[in-house]
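Here is a short briefing on one protein chain. Please keep the structure in view while reading.

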Amino acid sequence: MGVLMSRRQTVEKVQKVSLAVSAFKDGLREQPSTRRRAEAGGTRRGTLEQAVQEGEEEASSGPSQPEESSASKAAWERLRDGRGVEPEEFDRANRFTPPAFIRPKRELHDDEPPDISLEQREQVLNDEMCEICEVWTAESLFPCRVCSRVYHDGCLRRMGYLQNDSAVEVTETAHTETGWSCYYCDNLNLLLTEEEMYSLMETLQHCKIIPETCLTLDDFLHYKHLVHKQQFERPMAEAQEEQAALQFSALDPDKKGHIEWHDFLSHESIQLLQKLRPQNALLRLLTAKERERARAAFLALDQDSDGFIGEGECRRARHAWFRKHQKETPSCNVRYGDAPPGAGGDP
């Protein structure tokens, strides 16, 4: 607890400086000058006088250039540094400093087939201390299903990563077979390297996409048209536009008429990963927990232990899966892609 209190006191001092700058100049957002944020490579403004001068220069540009506003610049910086969304209405007086994050780097051997043994199991152990406050409190820690990090629900709330609607999900699923993914693993944009991130940012800026905003169907189609024309130097065909509209529907399952920023960002990050990285490089992105899940699923389907999943084994797995779901729900509506691992259709 002493560690936690000392960390909070340090953050409170930083927050006072940030609030003072925000009050001095409307729209100016001071970056927290903690050591951890500095190690993450985030941009910093220098002295208070320099920050005020920058704010005056931004204000003189006028509201006709929203991409040049301080709020927009801060949003692009958060996107580049992988720090997520920080809404204006969030209570900064009671928050922790976001932990440092360094984007991954490509290695020379990434495109080679990874050495993943089927017989040799991997021992997966969760961290002992909360990723945010670095305090150990045993049963009250919630593990991530993808990585080894663990969290306090209170720390997640103070970070702004756990709202009222998602608190139930964490408490009910974190210790189940389904599991819960933390804000690191839930943000697929963090899988991009710095070079890949800059490439995506250039595309978004060229298409006049404002970060941290929702996109309507017209916005999404306009973006897709610009990207297609930039890449292929010809207009998008009608069939491709229909495909883009289907992508929008998949990203808006609740039919709200718009897609959230983090859903759009994850979708575009996946598209970029598929475009720039071969399959072997994508396999190397799997964590130890994900490899163990895949290994367990494969061994469960490979009933004769010959290292292959045959047609008969695949058919039995599909039959067992459908019987299980018929008992759980009276509905037989199954989407393509809901099939169990290894049951992707008849050869």
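Pro 113 is placed in the loop between α4 and β1. This is a predicted model.

**Pro 113**
- At 64% relative accessibility, Pro 113 counts as exposed, because the cut-off for exposed is over 50%.
- Leaving aside neighbours within four places in sequence, Pro 113 is in contact with Asn 280 and Arg 284.
- The C-alpha atoms of Pro 113 and Leu 283 are separated by 8.5 Å. Along the chain, Pro 113 and Leu 283 are 170 residues apart.

- Most residues other than glycine have a negative phi.
- Glu 134 is not a glycine, yet its phi is positive, about 60°.
- Glu 134 sits in the loop between α4 (70-81) and β1 (141-143).
- Is Glu 134 buried, partly exposed or exposed? With a relative accessibility of 36%, Glu 134 counts as partly exposed.
- Ser 305 also is not a glycine and has a positive phi, about 55°.
- The loop between α13 (288-301) and α14 (311-328) holds Ser 305.
- Ser 305 has a relative accessible area of 62% and is exposed.

- Thr 193 belongs to the loop between α7 (183-186) and α8.
- Thr 193 is buried, at a relative accessible area of 2%. The cut-off for buried is under 20%, so Thr 193 falls within that class.
- Which residues does Thr 193 touch, not counting those up to four places away in sequence? They are Arg 103, Pro 104, Lys 105, Arg 106 and Arg 277.

**α8 against α9**
- Helix α8 covers residues 194-206, and helix α9 covers residues 217-232.
- Their axes come within 10 Å and cross at roughly 115°.
- α8 passes α9 in a right-handed crossing.
- From α8, the contact takes Thr 203, Leu 204 and His 206. From α9, it takes Tyr 223, Val 227 and Gln 230.
- By class, the contact of α8 with α9 has three nonpolar and three polar residues, with no charged residues.

**α9 against α10**
- Helix α10 spans residues 238-251.
- The axes of α9 and α10 come within 10 Å and cross at roughly 135°. That angle makes α9 oblique to α10.
- The crossing of α9 and α10 is right-handed.
- α9 contributes Leu 217, Phe 220, Leu 221, Lys 224, His 225 and His 228 to the contact.
- α10 contributes Gln 240, Glu 241, Ala 244, Ala 245, Gln 247, Phe 248 and Leu 251.
- The residues of the contact of α9 with α10 divide into seven nonpolar, four polar and two charged.

**The chain overall**
- How many helices and strands are in the protein chain? The protein chain has 14 helices and four strands.
- Of the 347 residues in the protein chain, 33% are buried.
- Take contacts in the protein chain between residues at least 6 apart in sequence: 66% of them join residues at least 24 apart.
- The protein chain exposes about 21,800 Å². Carbon and sulfur atoms supply 52% of that area.

Methods:
Residues are numbered from 1 along each chain as its sequence is written. This is a predicted model: local features need pLDDT of at least 70, side-chain atom pairs count only at pLDDT 80 or more; totals for chains, interfaces and linings use all residues. Side-chain values use heavy atoms; hydrogens and water are left out. Axes are lines fitted to C-alpha atoms, for helices over the stretch in contact, and angles run from 0 to 180 degrees between N-to-C directions. Helices (H or I, at least four residues) and strands (E, at least two) are DSSP runs, numbered from the N terminus. A crossing is left-handed if the near helix is turned anticlockwise from the far one by less than a right angle, and right-handed if clockwise. Contact means heavy atoms within 4.5 Å. Ala, Val, Leu, Ile, Met, Phe, Trp, Tyr, Cys and Pro count as nonpolar, Asp, Glu, Lys and Arg as charged, and the others, Gly among them, as polar. Buried means under 20% relative accessible area, exposed over 50%, partly exposed in between (1.4 Å probe, protein chains only). Accessible areas come from the Shrake-Rupley method with a 1.4 Å probe; for residues, only the protein chains shown count as cover. Angles under 35 degrees count as roughly parallel, over 145 as roughly antiparallel, 65 to 115 as roughly perpendicular and the rest as oblique.
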